[in-house]
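The sequence and the structure are shown first, and the description follows.

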Amino acid sequence: MHEAPERHQPVDGAGDLASRPAAASPRSTGSASDARAGTARPRAALVGVVVTGGAVVLAELLARFAGTGPGPVEAVAETFIDLTPAWLKELAIDLFGTKDKLALGVGIAAVMAALAVAAGLQERRRRYSGALLVAFLGLLAAAATASRPDGGPAATWPVLAAAAAGAMVLVAVLAPPRPVDAERAMRDRRTLDRRRLLQGAGLVTGAALVGATVSRATGTGAARAGPPLALPTPAVPAPAPAPGADLGVAGLAPYRTPNPEFYRIDTAFLVPRVDPATWELRVHGMVEQEVRLSLDELLAAPLTEAWLTLCCVSNEVGGRLVGNASWLGLPVREVLARARPLPGADMVLSRSVDGFTASTPLEVLTDGRNALLAVGMNGTELPPEHGYPVRLVVPGLYGFVSATKWVAELEVTRFADATAYWTDRGWSARAPVKISSRIDVPRGGREPAAGEIVVAGVAWAQHTGVAGVEVRVDDGEWRPAELADDVSVDTWRQWLYRWTAEAGDHSLEVRAIGRDGVVQTGRRAGVVPDGATGWHRVDVRVG
């Protein structure tokens, strides 16, 4: 038997091996689209979130350190607030109360995350399409930045630059992989571990986002650009509340609301950063003489201290959007007297540094009441969230037509010629505070024991004063309540009713009576357009 001769492959270029195509390698076959199709959807979504989040952080940091104006998140949020219809604003306050800004921030973050995921998935499906989405979002944020009073076209470059960078990174990271000799790459240690790169980028982006958010939210080095204000001794001090002004009932709102507990409702997503060294109040419009007032000049003037209850027009019957504090400031009438309003003027349009406006009747600011350009609150400078360094407080009017925070401008004009932020959105131009009352205890679903139960709360009839409070049980007769000592017609008044209760389910209602004889109405009305009405009712189960 003869064996078959051994076949040897030629090694020169003329042989079969040189002319035969090399065996296909799994790492070097397929088109670019096949490679992109192999990109896992979760990975593409993660890339979209990391890259888009990094672009937002970059834009925020650029805007902050360059001092060009608001960052994209703030600009978009405040533009959204400006475009929010009245019914949606009220729904947000009803659902979230003073946490409405936090809820808006969470909502914006959720929408941004969804769009970032969409950008990553779209880039996976078709090259450059996800990057175009990132660029388009950047253009929208730039438009919002340009529309803000503290922004403008010149403030858009951080957003545009960050969006462009994000779009390019998205394309680069999700680009189809190039064919590579895996053994040589491992030998040369030149393989790019994209998973580690994304993890590192995610950690850096997250740390930067947390740092930027905390810095902006706490106002570190920004909300207060100078040292604490040295508040002068008031030329006209507020009367000290009598011991009987606070009944000391557990659960009853104290006569003086502490600053941290004072409600905050405004249109600012982030607290405006005002440098007290450069702050200036401009008084202009229908006046004989334009007036400009620096903070040093304001502090050097004889200041008045006054107790004053502030109430938000969004306060529902029995709501908590009301508080009482002592305020230190310069009477607005004195500044207007320097400007000398012209005949025919009937309104002052106050404007905040962030563009918010409020329409206040001129007569209310000049009739002798303690309408103040306030610099102090409860013995300290104004907290940033309450208007540092200067705000308006006006007795007798809801805040949306009077209590402008971070005030920078007073324009003397006419109601027929100008409108304000909320009047443009369907709210009343003139909004005096309505006589109101509230039950604080018993409240909150507690089940008191049968016997004598203390019913207590607060009532207010601003710039009129509270003459009486009445309580009724189970729709029975109205009974007078005991009143705490009165301090001012411009502040709320505590009241107390001693109820001998039997076991079972009961209802409690309260109404106030003003010094002018007006009895609080029981007719129920919502907060739009000029404040809620009705009697506060609490259902109680007595054990």
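Are helices H6 and H7 roughly parallel or roughly antiparallel to each other? The model considered here is predicted. In this model, helix H6 (residues 100-125) packs against H7 at an angle of about 150°, and their axes are 6 Å apart. An angle over 145 degrees counts as roughly antiparallel, and H6 and H7 are therefore roughly antiparallel to each other.

**Overall composition**

The protein has 543 residues, of which 49% count as buried. Its secondary structure comprises 13 helices and 18 strands. Among contacts between residues at least 6 apart in sequence, 75% join residues at least 24 apart.

**Packing of the helices**

From H7, the residues involved are Gly130, Ala131, Val134, Gly138, Leu139, Ala141, Ala142 and Thr145, and they meet Val159, Leu160, Ala163, Gly166, Ala167, Leu170 and Val171 in H8. The contact of H7 with H8 has 11 nonpolar and 4 polar residues, and no charged residues.

**The nonpolar cores**

In soluble globular proteins, nonpolar side chains tend to be buried together. Here the largest nonpolar core has 90 residues, and those with the most contacts inside it are Leu281, Leu298, Trp327 and Leu373. Among the residues that leucine 373 touches, beyond four places in sequence, are Leu281, Leu298, Leu328, Val390 and Val407. Apart from this core lies another, of 21 residues, including Val455, Ala481, Trp495 and Val510.

Tryptophan 327 is found in strand E4 (residues 322-331). With a relative accessibility of 1%, tryptophan 327 counts as buried, because the cut-off for this class is under 20%. The side chain of tryptophan 327 reaches the backbone oxygen of alanine 325 at 3.3 Å. Tryptophan 327 is also 8.1 Å from valine 393, C-alpha to C-alpha, although 66 residues separate them in sequence.

**Buried residues and their surroundings**

Which backbone atom lies 2.8 Å from a polar atom of the side chain of threonine 309? It is the backbone nitrogen of tryptophan 492. Threonine 309 lies in strand E3 (residues 304-311) and is buried, with a relative accessible area of 0%. Beyond four places in sequence, threonine 309 is in contact with residues including Val322, Asn324, Gln462 and Asp490.

Glutamate 470 belongs to strand E13 (residues 466-473). Glutamate 470 is buried, with a relative accessible area of 17%, and its side chain is joined to that of arginine 511 by a polar contact of 2.8 Å. Among the other residues that glutamate 470 touches are Trp478, Pro480, Ala481 and Val510.

Alanine 532 lies in the loop between strand E17 (504-514) and strand E18 (536-542). At 8% relative accessibility, this alanine also counts as buried. The C-alpha atoms of alanine 532 and valine 317 are separated by 6.2 Å, while the two residues are 215 residues apart along the chain. The contacts of alanine 532 include Asn315, Val317, Lys434 and Ala525.

**Backbone geometry in the loops**

Most residues other than glycine have a negative phi, and most peptide bonds are trans. The following table lists places that depart from this pattern.

| Site | Feature | Value |
|---|---|---|
| Tyrosine 388 to proline 389 | cis peptide bond | omega near 5° |
| Valine 528 to proline 529 | cis peptide bond | omega near 5° |
| Aspartate 474 | positive phi | near 55° |
| Aspartate 475 | positive phi | about 60° |

Proline 389 lies in the loop between strand E8 (380-381) and strand E9 (391-393), whereas proline 529 is found in the loop between E17 and E18. Aspartate 474 lies in the loop between E13 and strand E14 (479-480), and aspartate 475 has its place in the loop between E13 and E14. Aspartate 474 is partly exposed at 38% relative accessibility, and aspartate 475 is partly exposed with a relative accessible area of 47%.

Definitions and conventions: Residues numbered from 1 in each chain as written. Predicted model: local features only at pLDDT ≥ 70, side-chain atom pairs only at ≥ 80, totals over all residues. Heavy atoms only, no water. Contact = heavy atoms within 4.5 Å. Helix = DSSP H or I, 4+ residues; strand = E, 2+ residues; numbered from the N terminus. Nonpolar A, V, L, I, M, F, W, Y, C, P; charged D, E, K, R; others polar. Buried < 20%, exposed > 50% of the residue type's maximum accessible area, 1.4 Å probe, protein only. Polar contact = N/O pair within 3.5 Å; in protein donor to acceptor, adjacent residues only side chain to side chain. Core = buried A, V, L, I, M, F, W, Y, C linked by side-chain atoms within 4.5 Å. Axes fitted to C-alpha atoms, helices over the stretch in contact; angles between N-to-C directions. Parallel < 35°, antiparallel > 145°, perpendicular 65-115°, else oblique.
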